[in-house]
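Visitor: I have a few questions about this one. Can we go through it piece by piece?
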Amino acid sequence: MIVCKFGGTSLCDASQIKKVSSILNSDSRRSIVIVSAPGKRDKTDTKVTDMLYNCHSLAQRAIPFLKQFDEITFRFTSIAKELGVHTDKIEEALNDIAFHIEQGVTADYVASRGEFLNALLISEFLGWELLDAAQLIVINEDGSIDENTYHTIAMAIDPDKKYVFPGFYGSTKEGEIKTFSRGGSDITGSIVARSVGAELYENWTDVSGIFMADPRIISDAKVIDSISYREVRELAAVGFNVFHEEAIAPVRQASIPIRVKNTNRPEDQGTVIVPSRDASQNPLAGVTVKTGYCRLSVEKLMLFKQKGIRERLENTLHTMGVFPELSAFNIDSIIWFFPSSQVANGLLESIASLLNKEFALDDAVCETGFALAAVVGEGFGKNIKKISHVYTALQQHSIHVVFSSFGISKTAGIFVVSESQAHDTVKVLYEDLLR
């Protein structure tokens, strides 16, 4: 059995859905499909999920939203008519959703409806059975998956039938709809694949696999043939957005391979994600970069003579919504890097002064404008000597490395640079290590 997930661009209109139907029908093992909400048809278009969020935002402010909701209705009914699908069930569902938005339902409920409506439409088009994720996937308060979910889904699946499953959401133990983070349909696909013991989980998108670097930065970046679960998670954590990092966990526990393929070029081989790989031929998998980071530095004489000071400082940061992704400690100082998006507007300027006041620090500085660049590969540890030479190459291109981290991960190294030099850093790392 093969579980397939198709992203929003693969399902943005009727012509794309016809491509999906052809792919599904080309292999009888493809018996479960997870669908996203319709994505952008072109650069000027709006994703259905964003349209739904807008309607919810207007309703919350007691502003009429039906004109905007009519655009959603037109989008779905137009697709249905072009596919030859009767619109009765879809229109009934749309009316029900508009009513609930008016009644003040949660943002999670509203956001989930794009996937639900698309699953309803596609199940009608394919003649496959619709399974509602809200009835099968239970999401714990911390965002993790309730273990009973896997058994529940397995019991709902008849191996002789074919199913359409909406991605992106489940429900709480209390039965309230809850969504994953954006791009969470990848997670749904992983959960379903593990539940049914799939031989393969196919993740269909608008690119022909995972590239060794962002092709918008490296125009001729190579597609990776094979990559490990761990490598994907390391890359996804620092900017790669082809596959959701949290989607690795369910399939990893069952050692189910994932293949990333292109809906518009199904003949392309794509990239296979596997439990482990032989890194002797290709020790490094890729380079990536993520912008929008802050650096917070604190200093105080005899800092670590104060028992529990590090924990108290970090707990204070957590109360401000700051959860550092990278940190380092010296005898009298600490440095943290965190995404500036974690902090509400206006608070960044006051973080340092708040810490200084509460802990009587000698110095505290919070600065913006940094980027994290990562080099990732199962053979990373055996290539430290080669990677160390990159510092010279970066220096030759006038790229100043603010901070670097090696040894924490067996498969990745981090360079912190100025945000303005993010793309140049990727170019140098790619040329020196992967070309």
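Visitor: Where is Glu245 found?
Guide: Glu245 is in the loop between helix H8 (229-237) and helix H9 (248-254). Helices (H or I, at least four residues) and strands (E, at least two) are DSSP runs, numbered from the N terminus. This is a predicted model, where local features need pLDDT of at least 70 and side-chain atom pairs count only at pLDDT 80 or more, while totals for chains, interfaces and linings use all residues. Residues are numbered from 1 along each chain as its sequence is written, and side-chain values use heavy atoms, with hydrogens and water left out.

Visitor: Which residues is Glu245 in contact with, leaving aside neighbours within four places in sequence?
Guide: Arg233, Ala236 and Ala237. Contact means heavy atoms within 4.5 Å. The C-alpha atoms of Glu245 and Glu234 are separated by 8.1 Å, and these two residues are 11 apart along the chain.

Visitor: What does Glu245 count as in terms of accessibility?
Guide: Partly exposed, at 29% relative accessibility. Buried means under 20% relative accessible area, exposed over 50%, and partly exposed in between (1.4 Å probe, protein chains only).

Visitor: Another loop, then. Where does Ala134 lie?
Guide: In the loop between strand S3 (129-130) and helix H6 (148-156). Ala134 is buried, with a relative accessible area of 14%.

Visitor: What does Ala134 touch, not counting residues up to four places away in sequence?
Guide: Tyr169, Gly170, Ser171 and Ile177. Ser171 is 37 residues from Ala134 along the chain, and their C-alpha atoms are separated by 5.0 Å.

Visitor: Tyr169 again: which residue lies over its face?
Guide: Arg113, at 5.3 Å from the ring centre. A charge sits over a ring if NZ of Lys or CZ of Arg is within 6 Å of the ring centre and within 35 degrees of the ring normal. There is also Arg194, whose charged end sits over the ring of Tyr150, 3.7 Å from its centre.

Visitor: Now helix packing. At what angle do H2 and H5 cross?
Guide: Roughly 150 degrees, for helix H2 (residues 48-60) and helix H5 (residues 107-126), and their axes come within 8 Å. Axes are lines fitted to C-alpha atoms, for helices over the stretch in contact, and angles run from 0 to 180 degrees between N-to-C directions. That makes H2 roughly antiparallel to H5. Angles under 35 degrees count as roughly parallel, over 145 as roughly antiparallel, 65 to 115 as roughly perpendicular and the rest as oblique.

Visitor: Is the crossing of H2 and H5 left-handed or right-handed?
Guide: Right-handed. A crossing is left-handed if the near helix is turned anticlockwise from the far one by less than a right angle, and right-handed if clockwise. On the H2 side the contact is made by Val48, Thr49, Leu52, Tyr53 and His56, and on the H5 side by Ala107, Val110, Ala111, Arg113, Gly114 and Glu115.

Visitor: And how do H3 and H4 pack?
Guide: Helix H3 (residues 66-83) and helix H4 (residues 88-103) are at an angle of about 160 degrees, with axes 10 Å apart. H3 is therefore roughly antiparallel to H4, and H3 passes H4 in a right-handed crossing. Residues making the contact include Phe69, Ile72 and Phe76 of H3 and Leu94 and Ile97 of H4.

Visitor: On to the rings. How many aromatic pairs does the structure hold?
Guide: It holds 9. Rings of Phe, Tyr and Trp (its six-membered ring) pair if their centres lie within 6.5 Å; planes under 30 degrees apart count as stacked, over 60 as edge-to-face and the rest as tilted. Among them, Phe65 and Phe69 form an edge-to-face pair, 6.5 Å centre to centre with 85 degrees between the planes. Phe65 is buried, with a relative accessible area of 4%, and Phe69 is buried, also with 4%.

Visitor: What about Tyr391 and Phe406?
Guide: They form a tilted pair, 6.4 Å centre to centre and 55 degrees between the planes. Tyr391 lies in helix H13 (residues 390-396) and Phe406 in the loop between strand S15 (401-405) and strand S16 (412-418), so the pair ties together parts that are 15 residues apart in sequence. Tyr391 is partly exposed at 30%, and Phe406 is partly exposed at 29%. Ring pairs link Phe380, Tyr391, Phe406 and Phe415 into a cluster.

Visitor: Last one: what is the phi of Ser398?
Guide: About 60 degrees, a positive phi although Ser398 is not a glycine. Ser398 lies in the loop between H13 and S15 and counts as exposed, at 57% relative accessibility.
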